[in-house]
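Below are my notes on the two-chain model you sent. They are set out as numbered points, to be read beside the coordinates.

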2 protein chains.
Amino acid sequence: MKIAVDAMGGDNAPGAIVEGALLAAKEFPEMTIQLYGKSEEIAPYLKNERPSNIEIIHCDQVIQFEDEPVKAVRRKKQSSMMVAARAVKDGQADALVSAGNTGAILAAGTIIVGRIRGISRPALLGTLPNLTDPSHQFVLVDMGANADSKAKQFQQNALMGSRYAQEVLGIAQPRVGLLNNGTEDSKGNHLTKEAYALLKETEGIHFIGNVESRDLLGGVCDVVVSDGFTGNAVLKAIEGTATHLLQLLKTTIKSGDLKTKLGGLLIKGTLKEALQSFNPDTAGGATLFGVKAPVIKCHGNASAQTVLATLRQTYKIVNSGMYQALAEELKSMASVKEEERENE
Amino acid sequence: MKIAVDAMGGDNAPGAIVEGALLAAKEFPEMTIQLYGKSEEIAPYLKNERPSNIEIIHCDQVIQFEDEPVKAVRRKKQSSMMVAARAVKDGQADALVSAGNTGAILAAGTIIVGRIRGISRPALLGTLPNLTDPSHQFVLVDMGANADSKAKQFQQNALMGSRYAQEVLGIAQPRVGLLNNGTEDSKGNHLTKEAYALLKETEGIHFIGNVESRDLLGGVCDVVVSDGFTGNAVLKAIEGTATHLLQLLKTTIKSGDLKTKLGGLLIKGTLKEALQSFNPDTAGGATLFGVKAPVIKCHGNASAQTVLATLRQTYKIVNSGMYQALAEELKSMASVKEEERENE
């Protein structure tokens, strides 16, 4: 197994990326990690260690956070991200991992690695914690690759999410919920009503009906399917609320009286442990589905531990052969529709 | 000033509703509160107190949580909610307050109280706390009255939200942000891109551009405008995350070791105070805008304190004359468009 890693993407690149890759290389001797980027900047972080399953592929250009995604794909052909994406397309690597410019990663995945047959627009899949049962996570798809989704994309998202939950999270029969504005069957806007009807008749998934965003962290289902715009808004609302609430907690304790400060000290360790599930170091990255090979986006401020977690996740995804199997399933979903159209 | 209160709506009705009304009647001697509902069930909660500014209007029927909204309007004409709504329509009361079935309240507002000219669908407006500055709140509109919003409704929402922030929250020049999937000007789906262009040229509001849901609780703006579907999803994601996170905190402390339990005891009081801003008892209700008179929806599990807070808010809204002024502004917004169409 060979993984193409964009060593220059992210706030802490290349240091954190290289250090995370080193940790993963030790953990998975059978996985070769290709580090794409400026060799003179990468080399120092490898120090004296130079495991045989780490390769450096020198690239002159770097895609910046502020680069316009599609332009970046077209104009920065020698950038670490694009050279890595081409390696995946050409079969020299099995998956692409980057902590760089999100739009550019989506564009590289869609344009260079390429969409699979039957998929008009890929979707971004991520996991979030179940706060009532810290050993469980749930999948959210689409997290924002597609701002204007169509109803049939919900069906594809449900299939992708179900396979991910099975292969990576180990849930035998994942419960799929449609993110909606109420739990009753009749709820929704035009788009989700149409999606509901499609999901009800989709084979190969376990659809349990509508779910509301307030119940997601309580583990109401294992796979939440959504259009990319709403999925993105809900993801960011969850992240933002958690961040601001924990910040408020910290400030309150810090600015409190002696009693409060002492209380804060006493609960600190236990609380930190309980909140581990919100830690990107353990959660891994967001996965682009609907493309020919796994493209995985790490958090922009990824630490070495985040990179390690993402490479563990990438190992599972590649090892499962999920992308190949999904391509077949999605193809047959599309051809069933073509047949239906022909018979009409 | 006369306020029509549906005494039978909500989980704790009529007890909490009547008790809240009693508190408000004492605080605002110049406000008459009309309690609509079963007089034999209302009377006991008034005990020996019978302030002259409380009236009981007997109604036989009650709208239940599970009643289908539009059917409820048509078939339960003698219900407390519908009789109260007709009182507002007929000018016998200045505003409607209910903690009952949300859909039925929206339908009663739209169908009975009636839309104002230029408004195709009313919008639901609510306030949420600014967690970095507990003395401030922000407005979110539409919170879900309208599942399929059009771009021009964002413009109306911005105007309604701005006037509310000025009159009720006392913010002189409220900053209006468009809820979107990124902060850059070019971001969005088809709908929000169209809304962005309209908001930029809307007079009488202070539009600051796109905002993301992760920044709302940090006070990024004073008025967040959104389509009803996304607004609803974000509102519920914020509520759900806060609920689940605080529950996790509680469980962690309760199931912790002696040190953790002691720490929990020490911070409890201060923490409770800091989280007051999330308390519906202080936040008031959600307001339906775009109708001829104020229609205010209290939380379903409203306590007497929630009802009191909502009646305080209702007092401010009615007293400001905001609905009459807004009707004029929205009318002229609509007629400017008619003129433009005629000139084309």
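**Notes on the model**

1. Leaving aside residues up to four places away in sequence, B:Ala304 is in contact with B:Ala16, B:Glu19 and B:Gly20. This is a predicted model, and the points below should be read as such. B:Ala304 belongs to helix α11 of chain B, which covers residues 304–320. Its relative accessibility is 16%, so B:Ala304 falls under the 20% limit and counts as buried. Between the C-alpha atoms of B:Ala304 and B:Lys47 there are 15 Å, with 257 residues separating the two along the chain.

2. B:Lys47 itself sits in the loop between α2 (39–46) and β3 (54–58) of chain B. Its relative accessible area is 58%, so B:Lys47 is exposed. Phi of B:Lys47 is near 50°, a positive value in a residue other than glycine. In the other chain, A:Lys47 also has phi near 50° and is placed in the loop between α2 (39–46) and β3 (54–58) of chain A. A:Lys47 is exposed, with a relative accessible area of 57%. As background, most residues other than glycine have a negative phi, and most peptide bonds are trans.

3. Two cis peptide bonds in chain B deserve a look. One joins B:Ala13 and B:Pro14, with omega at about -5°; B:Pro14 is in the loop between β1 (2–6) and α1 (15–27) of chain B. The other joins B:Val141 and B:Asp142, where omega is about 15°. B:Asp142 is in the loop between β6 (137–141) and α6 (151–167) of chain B.

4. Where does helix α5 of chain B bend? The helix runs over residues 102–114, and the bend, of about 30°, is at B:Ala108. B:Ala108 is also one of the buried residues of α5(B), among them B:Ala104, B:Ile105, B:Leu106, B:Ala107, B:Gly109 and B:Ile112. The cover over these buried residues includes the helices α3 (69–75) and α4 (80–89) of chain B, together with the strands β4 (95–98), β5 (123–129), β10 (286–289) and β11 (295–297). At the start of α5(B), a side-chain oxygen of B:Asn101 comes within 3.1 Å of the backbone nitrogen of B:Gly103.

5. The contact draws 50 residues from chain A and 50 residues from chain B. About 4,300 Å² is buried between the chains, and carbon and sulfur atoms give 72% of that area.

6. Four salt bridges are counted between chain A and chain B. One of them pairs A:Lys236 with B:Glu212, whose closest N and O atoms are 2.3 Å apart; I would ask for a check of that distance. On the side of chain A that touches chain B, α7 (190–200), α8 (228–254) and α9 (258–274) each supply at least two residues. The most comes from α8(A), with 19 residues.

Definitions and conventions. Residues are numbered from 1 along each chain as its sequence is written. Chains are lettered from A and ligands numbered from 1 in the order in which they are written. This is a predicted model: local features need pLDDT of at least 70, side-chain atom pairs count only at pLDDT 80 or more; totals for chains, interfaces and linings use all residues. Side-chain values use heavy atoms; hydrogens and water are left out. The bend at a residue is the angle between axes fitted to the seven residues ending there and the seven starting there. Helices (H or I, at least four residues) and strands (E, at least two) are DSSP runs, numbered from the N terminus. Buried means under 20% relative accessible area, exposed over 50%, partly exposed in between (1.4 Å probe, protein chains only). Contact means heavy atoms within 4.5 Å. A polar contact is a pair of N or O atoms within 3.5 Å; within protein, one must be able to donate a hydrogen and the other to accept it, and residues adjacent in sequence count only if both atoms are side-chain atoms. Buried area is the accessible area (1.4 Å probe) that two parts lose on being put together, summed over both. A salt bridge is a side-chain nitrogen of Lys or Arg within 4 Å of a carboxyl oxygen of Asp or Glu.
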